[in-house]
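The following paragraphs lead the reader through one protein structure, part by part. Please keep the sequence and the coordinates at hand.

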Amino acid sequence: MRKFTDLALNTAKNLGASYCDIRIINTEYENIKTRNGEIGSIDKSETMGYGIRVVIDGAWGFASSSLITKEGIENTTKKAVDTGKASALTIRNRVKLAPEPVYKDKWTTPYIIDPFKIELKDKLNLLYAADEILRKDKRIIIATGNLSFLREHQWFANTEGSFIEQILLRSGAGISATAIGDDVQIRSYPTSFGGQYMSMGYEMVESLKLLDNAERVRDEAIALTTADQCPPGKKDLILGTGQLGLQIHESVGHATELDRVLGMEANYAGTSFATIEKLNNFKYGANIVNLVADSTIPGGLATIGYDDDGVRAQRWHIVKNGILSGYSTSRELAHTIRENRSRGSNRADGYNNIPIIRITNLSLVPGDWTLDDLISDTEDGIYMDTNRSWSIDQRRLNFQFGTEIAWEIRNGKKGRMLRNANYQGITPEFWNSCDAICDEKHWQLIGVPNCGKGQPGQRAEMSHGCSPTRFKNITIGVGQKGNTSEQV
Ligand SMILES: [Zn+2]
């Protein structure tokens, strides 16, 4: 690979570029879906190609190709330089990259079992066995199973001298049951969006124990169809991890992507209320709220050795003791908040997209409550879990979420199951109402495999660690509204 990366870097320099990087990526993908005892779809693909990014006359240029030959690399580099020269005519600010050490390194996702070595028939048999349990009751009208695996073998090189090889591997699995009764209701396991996803091997699929959970998923879906409607009112709200993960994603993660915050290309990224004059003084949440970005955490979907700027993975606070204290940044934008190094949050979807600032793994630091104690301590509340719908405005301020399942909590006891539960809030008010967070024994990473951003649209993956958490006096049961689109 070295000869191809050297060729791109030298060609760019000879054409006058002040900076160049190339990412060569081989992607293996397998996605298996079953529906009502039959194959829904099997997608298997392997692609290889490269993207070349240059800075010339102070502007970015980019081009990509799957033609990995001397001629292909030379032509693509020229194309990147040409697009940079064209955009240099219209830019207002010259690109300035924050310094980063030079690395020569190889980084690989730790895993035990290679999912691409497990036979298709074994994967299908697992999903069929879960399906059989889910559809043992005639009221289940749709049963689905999902297995998804992705491996990206990447080579990154830049004109500063870095050469980084990475092999990123992730696995995903989940089941769902849709029941019909008085109403149509869905229940998913372990979470919605096709299940749980982690940067691990097939061992993650085994650890989920899909078959041991299928009966409960089926029975909860059926029970939901005749459950009472979630009553409206102001109540204390306990969020389970299957909902809190997405709450963190939408109301903190996207709100603190620095390109959004700066209002750059607001038409596709949206904007944010968490503007830079609020850094280190804005009360984002209660004192017990600590939200940590961490691209080094084991199992996280955004856990990497280096981002697509060639910046080493890091851990930093976004919210510290309730105060806004950081953003997701890139080498290009770090200086706008007077930081002299990027946080390493610039990532691209595949080889044919330019990297943009993406949420990394962003987690709520655990507190010291057990879930039993938290429920005993709640007089009039609702416990909600597993996201079903979401909606948040462009500035990441006003939101509404619906969940698959909820239970009433009365005088410290978990009582009747409730359907069609939802809640709404305003981001800083909501996080400031947080008064209790469960401990690390209840803490888990929730994978988001389908975060959409950019123009043209790019998909990214990240995880949000959390444990069940209580928010005081929240508006509940205001009616179903929201987005159930494929991307979050
Ligand atoms: Zn997202």
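In this predicted model, strand β5 (residues 140-158) pairs with β6 in the antiparallel sense, over 17 bridges. Within this pairing, Trp155 stands opposite Glu165 of β6. The two strands form a hairpin with four residues between them, and Gly161 in the turn has a positive phi of about 115 degrees.

Strand β6 also has other partners. Strand β4 (residues 104-108) pairs with β6 in the parallel sense over five bridges, and Lys104 has Phe163 as its bridge partner in β6. Strand β7 (residues 184-189) runs antiparallel to β6 and is joined to it by six bridges; a hairpin of three residues connects β6 to β7. Here Ala177 has Arg187 in β7 as its bridge partner. Three bridges join β6 to strand β8 (residues 196-198), also in an antiparallel arrangement, with Met198 in β8 as the bridge partner of Ser171. Of the 18 residues of β6 (residues 163-180), 17 are buried, so the strand is largely enclosed by the rest of the structure.

Strand β12 (residues 315-320) pairs with β13 over two bridges, and Lys320 has Ile323 in β13 as its bridge partner.

Next comes the nonpolar interior. In soluble globular proteins, nonpolar side chains tend to be buried together. The largest nonpolar core has 56 residues, and those with the most contacts inside it are Tyr284, Leu364, Met384, Tyr423, Phe430 and Trp431. Apart from it lies another core, of 29 residues, among them Leu147, Tyr202, Ile222 and Ile297.

His254, in the loop between α6 (241-253) and α7 (258-261), and Cys451, in strand β22 (residues 444-453), are 197 residues apart, and the pair links distant parts of the chain. His254 is buried, with a relative accessible area of 1%, and Cys451 is buried at 0% relative accessibility.

Terms used: Residues are numbered from 1 along each chain as its sequence is written. This is a predicted model: local features need pLDDT of at least 70, side-chain atom pairs count only at pLDDT 80 or more; totals for chains, interfaces and linings use all residues. Side-chain values use heavy atoms; hydrogens and water are left out. Buried means under 20% relative accessible area, exposed over 50%, partly exposed in between (1.4 Å probe, protein chains only). Two strands pair if DSSP finds at least two bridges between them. A nonpolar core is a set of buried Ala, Val, Leu, Ile, Met, Phe, Trp, Tyr and Cys residues joined through side-chain atoms within 4.5 Å.
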